[in-house]
Amino acid sequence: MVQYHFQNTHFITSAPNIQAMPEDSGIEIAFAGRSNAGKSSALNTLTRQKSLARTSKTPGRTQLINVFEISEGFRLIDLPGYGFAQVPEEVKKQWQKSLSEYLQDRQSLKGIVVLMDIRHPFKDTDVGLIQWAVDCELPVLALLTKSDKLKQGARKTAILKGRETAKAFGGNVRVEAFSSLKKQGLDLLQNTLVGWFDQHLENSPSDPE
Ligand SMILES: Nc1nc2c(ncn2[C@@H]2O[C@H](COP(=O)(O)OP(=O)(O)OP(=O)(O)O)[C@@H](O)[C@H]2O)c(=O)[nH]1
Ligand SMILES: [Mg+2]
C-alpha cells in the first residue's frame, strides 16, 4: 500500500502553459476556483506548510500553473484563479488559455478540487468547470471555503444548499465545507485525494509505484 506524505510536498515549477509542465505521466489532482477562493491556502493547509503555495489578499496572485509533488508521480496543481476582472485583458486571456489547455489536454489529471467561497458558491464559471469535469468523468470535490466566516447555522444551510445544487451535475461531485483557518474539512480533503490516488493505482498498476 502506498503511503502519501502530504507534508513532504515540494515545489516543482511554475509553468506558463502545459508545454512547460513536467512529463504528462503519473497522477495529478488540480485545485481550481475563482480568484481569491482560497486555493493556495488550502494547499498549504493540506501539506502542513505555511508558504508552499503563495497566498494573497489581492485576487489574481496565482497566474501560472504551479506544480507540486508529494512523491514521484503524485502531483498537486495550483491553478490560476478565474473570474477576476481587475487584471489587464491580455494577461487574463493568456492565463485563461493556459487553464483551459491544462484542463482539456492533461492526461494525468485524475480529479479536481473546486474551491468556492462558502458565501457565494456556484458562480457560472464554477458550474461550467464542474459540469465539464463530470462530463469527462473526473471526480470533483467541491469545497465551500472560508467556512469560518459563517456561523454554524448559516454554514449548515450553505452546505445543504450546495449539495442540492450538486445533484444537478449528475456525476461524482461531493460538497463539503472547508476552512484553512480552522482546519475544518482537512481530513476529508486528504482522505478524498488518497482515495483518488489509490483508485488510479488499482486501475493502472503500471503507474507510479
Ligand atoms: N477567513 C479565512 N480566510 C481565508 C481562508 N482561506 C483563505 N483565506 C484568505 O483568502 C485570501 C485568498 O486566499 P488564497 O489562498 O491566496 O486564494 P487563491 O484562491 O489561491 O487566490 P488566487 O491565487 O488569486 O487565485 C487570503 O487573504 C487568505 O488569507 C479561510 O479558510 N478562512
Ligand atoms: Mg493562489
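The stops below go from the whole chain to the sheet, the core, the helices and a few single residues.

**Whole chain**

Keep in mind that this is a predicted model. Start with everything selected. The chain holds 5 helices and 7 strands. Read from the N terminus, they come as β-β-α-β-β-α-β-α-β-α-β-α.

Now show the C-alpha trace alone. Along its principal axes it spans about 45 × 45 × 35 Å. Does the radius of gyration agree with that of a compact globule, or disagree? It agrees: a compact globule of 209 residues would come out near 17 Å, and the chain has 16 Å. Buried residues make up 39% of the 209. Take the contacts between residues at least 6 apart in sequence: 72% of them join residues at least 24 apart.

**The sheet**

Select the strands. They form an open sheet of 7 strands, in the order β1-β3-β4-β2-β5-β6-β7, and the pairing is mixed. Look to the two edges for β1 (10–15) and β7 (173–177), each of which pairs on one side only. From one strand to the next, the twist averages 20°.

Strand β1 pairs with β3 (residues 65–71) in the antiparallel sense, over 5 bridges. Strands in a sheet pair through backbone hydrogen bonds, parallel or antiparallel. For one facing pair, pick A15 and I65: A15 stands opposite I65 in β3.

**The core**

Show nonpolar side chains next. The largest nonpolar core has 46 residues. Which residues have the most contacts inside it? They are F31, V114, A142 and L143. Strand β5 (residues 109–117) supplies the largest share of this core, 6 residues.

Centre on V114. Beyond the residues up to four places away in sequence, V114 touches A32, G33, D126, L129, I130, V140 and A142.

**Helix α1**

Select residues 39–46. This is helix α1, and it is mostly covered: 8 of its 8 residues are buried. The buried residues are K39, S40, S41, A42, L43, N44, T45 and L46. What covers them? The cover includes β2, β3, β4 (74–78), β5, β6 and α5 (186–203).

Step past the end of the helix to R48. This residue follows α1 and lies in the loop between α1 and β3. R48 has a positive phi of about 55°, although it is not a glycine. Is R48 buried or partly exposed? It is partly exposed, because 13 other C-beta atoms lie within 10 Å.

Go to K146, in the loop between β6 and α4 (152–167). K146 is not a glycine either, yet has a positive phi of about 60°. With 23 C-beta neighbours inside 10 Å, K146 counts as buried; the cut-off is 20 or more.

**Helix α3**

Select residues 124–135, which make up helix α3. Helix α3 lies across β2 (27–33), β5, β6 (140–145) and β7. Against β5, helix α3 runs at about 160°.

Pick V134, found in α3. V134 has 19 C-beta neighbours inside 10 Å, so it counts as partly exposed. Leave aside neighbours within four places in sequence, and V134 is in contact with V140, F169, G170, G171 and V173. Draw a distance from V134 to G171. The two are 37 residues apart in sequence, but 5.3 Å apart in space, C-alpha to C-alpha.

**Helix α4**

End at A166, in helix α4. A166 has 20 C-beta neighbours inside 10 Å, and therefore counts as buried. Not counting residues up to four places away in sequence, A166 touches A142, V173 and V175.

A142 is one of the residues with the most contacts inside the largest nonpolar core. The C-alpha atoms of A166 and A142 are separated by 8.7 Å, and the two residues lie 24 apart along the chain.

Methods:
Residues are numbered from 1 along each chain as its sequence is written. Chains are lettered from A and ligands numbered from 1 in the order in which they are written. This is a predicted model: local features need pLDDT of at least 70, side-chain atom pairs count only at pLDDT 80 or more; totals for chains, interfaces and linings use all residues. Helices (H or I, at least four residues) and strands (E, at least two) are DSSP runs, numbered from the N terminus. The radius of gyration is taken over C-alpha atoms; the globule rule is 2.2 Å times the number of residues to the power 0.38. A residue is buried if 20 or more other C-beta atoms lie within 10 Å of its own, exposed if 12 or fewer, and partly exposed in between; C-beta atoms are placed from the backbone. Two residues are in contact if their C-beta atoms, placed from the backbone, lie within 7 Å. A nonpolar core is a set of buried Ala, Val, Leu, Ile, Met, Phe, Trp, Tyr and Cys residues joined through C-beta atoms within 7 Å. Two strands pair if DSSP finds at least two bridges between them. Axes are lines fitted to C-alpha atoms, for helices over the stretch in contact, and angles run from 0 to 180 degrees between N-to-C directions.
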